[in-house]
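Subject: Structure for you to look at, with notes

Dear colleague,

I am passing on the structure we spoke about, and below it you will find my notes on what turned up in it. Please read them with the structure open beside you.

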Amino acid sequence: MDKYSIEYRYYGTEMRIVFGVVVFIFLLLAFISLTHSIILSVIFCLLALIVLLFTLLDRKNHLFQLDQQGISFKKRILKKEKGKTLFWYQIKTITTQRYGWFDLLKKTEITSDIGEKISTYSFMEDYFHFLCDITKKSKKAEVDKLTKDLIAGRVEL
């Protein structure tokens, strides 16, 4: 990684907080069920450990890296890097769609000239800075109205 690159996490802080609450609930259920059934308590403890393990493993995976050449999506699994790279001149469209309950979540899709797609989600860390950086660096790309409104702060979350 050179000194001009920026990394963004695909799964952000908000999702880790949600999974942390789930782990806490499983541990609380394990403690409460300890007096009634040891087997049930052990099952809740195992579920808590599994969710905690996946949350900690996911913290090091799924990174977007922006540099002078382009944007790359990297999956780091056991120190092997795999992923896609889109160069700034290749980016054709940047579109944002709402989904989920009450349209609270947002998905941004970045499409290249050759049809490759990279998707990001609104729970990603530093999402608005990410959108701003992408639209600044890919000047020839078509950007939809929702993405522009998100960057300008005219859309409520």
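One definition is needed before the rest: a nonpolar core is here a set of buried Ala, Val, Leu, Ile, Met, Phe, Trp, Tyr and Cys residues that are joined through side-chain atoms within 4.5 Å. Please also keep in mind throughout that this is a predicted model.

By that definition, the largest nonpolar core has 19 residues, and those with the most contacts inside it are Phe64, Leu66, Ile71, Ile91, Ile110, Phe130 and Ile134. The elements that give two or more residues to this core are β2 (63-66), β3 (70-77), β5, α3 and α4, and the largest share, four residues, comes from α3. If we take Phe130 and leave aside its neighbours within four places in sequence, we find Phe130 in contact with Tyr8, Phe64, Leu66, Ile71, Ile110, Thr120 and Met124. There is also a second, separate core of six residues, which includes Phe26, Ala30, Phe44 and Val51. As general background, nonpolar side chains tend to be buried together in soluble globular proteins.

Turning to the chain as a whole, it has four helices and eight strands, and from the N terminus on these elements run in the order β-α-α-β-β-β-β-β-β-α-β-α. Of its 157 residues, 37% count as buried, while the chain exposes about 10400 Å², of which carbon and sulfur atoms supply 65%. Among contacts between residues at least 6 apart in sequence, 49% join residues at least 24 apart.

Four strands form an open sheet in the order β7-β6-β5-β8, with mixed pairing. Strands β7 (117-121) and β8 (142-143) stand at the edges with a single partner strand each, so one side of each is left without a neighbour in the sheet. Strand β5 (residues 91-99) and β8 run parallel and are joined by two bridges, and Thr93 stands opposite Glu142 in β8. Helix α3 (residues 127-137) packs on this sheet, where it touches β5, β6 (105-112), β7 and β8, and its direction makes about 20° with that of β6. Helix α4 (residues 145-152) packs on the sheet as well, touching β5, β6 and β8, with a direction that makes about 80° with that of β5.

Glu109 lies in strand β6, and because its relative accessibility is 17% and the limit for a buried residue is under 20%, Glu109 counts as buried. Not counting residues up to four places away in sequence, Glu109 touches Thr93, Ile94, Thr95, Lys117, Ile118 and Ser119. Thr55, found in helix α2 (residues 38-58), is likewise buried, with a relative accessible area of 12%. With residues up to four places away again left out, Thr55 touches Arg16 and Phe19, and although Thr55 and Met15 are 40 residues apart in sequence, they are 8.8 Å apart in space, C-alpha to C-alpha.

Finally, a word on cysteines: the structure holds zero disulfides. Cys45 is partly exposed, with a relative accessible area of 33%, and Cys132 is partly exposed too, at 22%.

With best wishes

Notes: Residues numbered from 1 in each chain as written. Predicted model: local features only at pLDDT ≥ 70, side-chain atom pairs only at ≥ 80, totals over all residues. Heavy atoms only, no water. Pairing = 2+ DSSP bridges. Contact = heavy atoms within 4.5 Å. Axes fitted to C-alpha atoms, helices over the stretch in contact; angles between N-to-C directions. Buried < 20%, exposed > 50% of the residue type's maximum accessible area, 1.4 Å probe, protein only. Areas by Shrake-Rupley, 256 points an atom, 1.4 Å probe, with all protein chains shown as cover. Disulfide = S-S within 2.5 Å.
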